[in-house]
Amino acid sequence: MHDLPYLQRCSSKEPLAHKFRVYRYRSHQSVHPRPYRYQRGHLYSYVAVVNAGFPHWAGIISAVIASLAIIWLPFILMICISHYLLNHKDSPIVKDIFAALRPAIIGLIAAAAIMLMNKDNFGSPHEDMFSFAISIALFAAAFVATRFYKANPILVLALCGIVGLIVY
């Protein structure tokens, strides 16, 4: 939103079409969080290059370069952190840090799971009892299989997806 004052100054001097573009830009900026906006950098670079009159292959190259520029820094940071952790994995400080992070990670996963347990994902017994019962049965079967029978969670997820595809 650092360029919002500039857009407001421009919108007061420009014709109606530009005002609409500024309004659309403002509403788009407020709806989409910043990381989501950065993930579309490859699309913006492709469109900008093609709209500038360059061929499509140049747009594809610019999209690849933009994608690499977006992922390069996090990739390098993860490599450095992984190297550090591999060298110091037996350190008591590193073990204490991971022991402290474990409850937070479990809490984040539980919060995400609770947010997904809504009417859109499970259905409602008042609207469609069959869909609701199948959703609850799939959830219970997946929970029992992973918790008590130590089944592979990825395999259980794939099987639940196949059953859901067949049933629905």
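In what order do the elements of the protein chain run from the N terminus on? They go α-α-α-α-α-α-α-α-α, and the totals are nine helices and zero strands. Here helices (H or I, at least four residues) and strands (E, at least two) are DSSP runs, numbered from the N terminus.

Before you click around, know that this is a predicted model, where local features need pLDDT of at least 70, side-chain atom pairs count only at pLDDT 80 or more, and totals for chains, interfaces and linings use all residues. Residues are numbered from 1 along each chain as its sequence is written, and side-chain values use heavy atoms, with hydrogens and water left out.

**Stop 1: the whole chain**

Colour the protein chain by burial. Of its 168 residues, 15% count as buried; buried means under 20% relative accessible area, exposed over 50%, and partly exposed in between (1.4 Å probe, protein chains only). Now turn to contacts, meaning heavy atoms within 4.5 Å. Among those between residues at least 6 apart in sequence, 22% join residues at least 24 apart.

**Stop 2: helix α5**

Select residues 56-87. At 1.5 Å a residue, the 32 residues of α5 should span 46 Å, and the end C-alpha atoms are 46 Å apart, which agrees. That expected span is 1.5 Å times one less than the number of residues. Click on Ile 71 next: α5 has a kink of about 35 degrees there, shortly before the proline Pro 74. The bend at a residue is the angle between axes fitted to the seven residues ending there and the seven starting there.

Which residues of α5 are buried? Pick out Ala 58, Gly 59, Ser 62, Ala 63 and Ala 66. An α-helix has 3.6 residues a turn, so residues three or four places apart point the same way.

**Stop 3: helix α6**

Move on to residues 92-116. These 25 residues of α6 reach 37 Å from first C-alpha to last, close to the 36 Å expected at 1.5 Å a residue. Zoom in on Arg 102, where α6 has a kink of about 30 degrees, shortly before the proline Pro 103.

**Stop 4: two loops**

Select Ser 124, in the loop between α7 and α8. Is Ser 124 buried or exposed? Ser 124 counts as buried because its relative accessibility is 10%. Leaving aside neighbours within four places in sequence, Ser 124 is in contact with Lys 119, Met 129 and Phe 132.

Then jump to Lys 150, in the loop between α8 and α9. Lys 150 has a positive phi of about 55 degrees although it is not a glycine. At 63% relative accessibility, Lys 150 counts as exposed.

**Stop 5: the largest pocket**

Show Leu 138, Phe 139, Ala 142, Leu 157 and Cys 160, which lie nearest the centre of the largest pocket among its 14 lining residues. α8 (129-147) gives the most to this lining, with six residues. By class, the lining has 10 nonpolar, four polar and no charged residues.

**Last stop: Tyr 168**

Finish at Tyr 168, in the segment after α9 (153-167). Tyr 168 is exposed, with a relative accessible area of 51%. Not counting residues up to four places away in sequence, Tyr 168 touches Ser 131, Ile 134 and Ser 135. Tyr 168 and Ser 131 are 37 residues apart in sequence and 7.9 Å apart in space, C-alpha to C-alpha.

Methods. On a 1 Å grid over the protein atoms alone, a cavity is a set of points where a 1.4 Å probe fits but cannot get out, and a pocket is an open set with protein on both sides within 12 Å along at least five of seven lines; lining residues have an atom within 4 Å of a point. Ala, Val, Leu, Ile, Met, Phe, Trp, Tyr, Cys and Pro count as nonpolar, Asp, Glu, Lys and Arg as charged, and the others, Gly among them, as polar.
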